[in-house]
Amino acid sequence: MNTIQWTVDKNELKSSSYPHIQQAASLLQQDEVVAFPTETVYGLGANAYSDKAVTKIFQAKGRPSDNPLIVHISNKKQLTELVDNIPAHAEKLMDKCWPGPLTIIFSKKNNVSQYVTAGLDTIAIRMPDHPVALALIEESGLPLAAPSANLSGKPSPTTAKHVVDDLDGKIAGIVDGGQTGVGLESTVVDCTTEIPIILRPGGITKEQLEQVVGEVAVDPALASENIELKPKSPGMKYTHYAPIAPLYMVEGDVDYLQHLVDKSRSEGKIVGVLSTEEHIARLSADVVLSVGTRTDLATVAVNLYEKLRQFNETNVDIIYSESFPAVGVGAAIMNRLNKAAGYKVLKSE
Ligand code: TXA
Ligand code: MG
């Protein structure tokens, strides 16, 4: 299949780039799949009402069929077509956080393709905060089921190039709207319970949610000491985001990290380090990449998947990564890194 690519300047949607949106929307109406930018990561969109279209998402990504998809909408009217009931805390969260990196789980009406919800009686919905995504949904007139536009198991794409690397020839089109903003996926919060429960940490922090609705719980299966518990969000059970070389999370100071590097190199290994602006100059290994600055973890979120993908273009045998405090956006960063590392952690004595 020939994958069409369009470049759309997100600040100039009304003028020259708009025909691209119309072409992409027309393919979606014909049950084709099209990748598009959101403020978190690139999504791979399809008509949420169509079995034929949604099946193509699972085929292109190699995604397990028991992992449900998020439905993307551009206005609140679409929501009432999809959900059974809008609880008061969900209403408050939507008012404050939509459009934005928050996915809400509702109890569903039975009208989207069965493949979107993978046999669950709930549905995940979000309104992305990206002019290209919103224009595409509006123009197609469809709610779009869209997972991240990567091959299953790989880091989510934060540029159109990442999508091309993974899916060129397998999908009908890619709308290139430049690099995404947040860099990590949306926060998934279950609002079918009395107290909302975070099922996946992401772009909106627990602290931000609590400011809107008071108490917010976290699915206990997300804590690294509970890896045997079954997460409520099916996608969280899969190994994800992983670079090809084994990744180890390091808890300790720079000297301890360097000691681990030296030990591996003395065993003949080619060693990579995922470091930060603060520490990069003090570390010596075969490949040392800085993911951002420790004083602003949002920079780490933005660059994380790009850096994990960059290691795949090197010949490292092993990667050591600095750890981050799991508060604010750090919770989502550590969730993704721990999963990418398969929960392998090395701690200094
Ligand atoms: O930022 C994002 O959320 C991106 C962009 C493209 O919007 N999308 C994304 O989709 O990350 P995906 O498919 O990679 O992750 C969706 C997550 C999975 O963990 C899935 O199991 C969960 O949402 N999910 C979907 N429907 C659910 C439901 N009804 N109940 C619980 N979890 C659900
Ligand atoms: Mg994904």
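Helix 11 packs its buried residues against strand 10 (197-200), strand 12 (247-251), strand 13 (271-275), helix 10 (297-311), strand 15 (318-322) and strand 16 (345-347). Here helices (H or I, at least four residues) and strands (E, at least two) are DSSP runs, numbered from the N terminus, and buried means under 20% relative accessible area, with exposed over 50% and partly exposed in between (1.4 Å probe, protein chains only). Helix 11 itself spans residues 330-340 and is mostly covered, with 10 of its 11 residues buried; among them are Gly330, Ile333, Met334, Arg336 and Leu337. After helix 11 comes glycine 342, with a positive phi near 60°.

A word on the ground rules: this is a predicted model, in which local features need pLDDT of at least 70 and side-chain atom pairs count only at pLDDT 80 or more, while totals for chains, interfaces and linings use all residues. Residues are numbered from 1 along each chain as its sequence is written, chains are lettered from A and ligands numbered from 1 in the order in which they are written, and side-chain values use heavy atoms, leaving out hydrogens and water.

The chain splits into domain 1 (4-223) and domain 2 (247-347), with bounds that come from an automatic or database domain assignment. Their C-alpha centres sit 29 Å apart. Contact (heavy atoms within 4.5 Å) links 23 residues of domain 1 with 16 residues of domain 2. Together the two domains bury about 1500 Å², 53% of it on carbon and sulfur atoms; this area is the accessible area (1.4 Å probe) that two parts lose on being put together, summed over both. On the domain 1 side, Pro155, Leu184 and Pro201 supply 36% of the area buried against domain 2, more than any other three residues. Two salt bridges turn up across this interface, each a side-chain nitrogen of Lys or Arg within 4 Å of a carboxyl oxygen of Asp or Glu. Helix 7 gives the most to the side of domain 1 that touches domain 2, with three residues.

Then there are the nonpolar cores, sets of buried Ala, Val, Leu, Ile, Met, Phe, Trp, Tyr and Cys residues joined through side-chain atoms within 4.5 Å. The largest has 45 residues, and Trp98, Ile104, Phe106 and Ile125 touch the most other members. Helix 2 gives the most to this core, with five residues. Apart from it lies another core, of 27 residues, including Leu297, Val316, Leu337 and Ala341. Leaving aside residues up to four places away in sequence, tryptophan 98 touches Ile73, Leu79, Leu93, Ile104, Phe106, Ile125, Arg126 and Met127.
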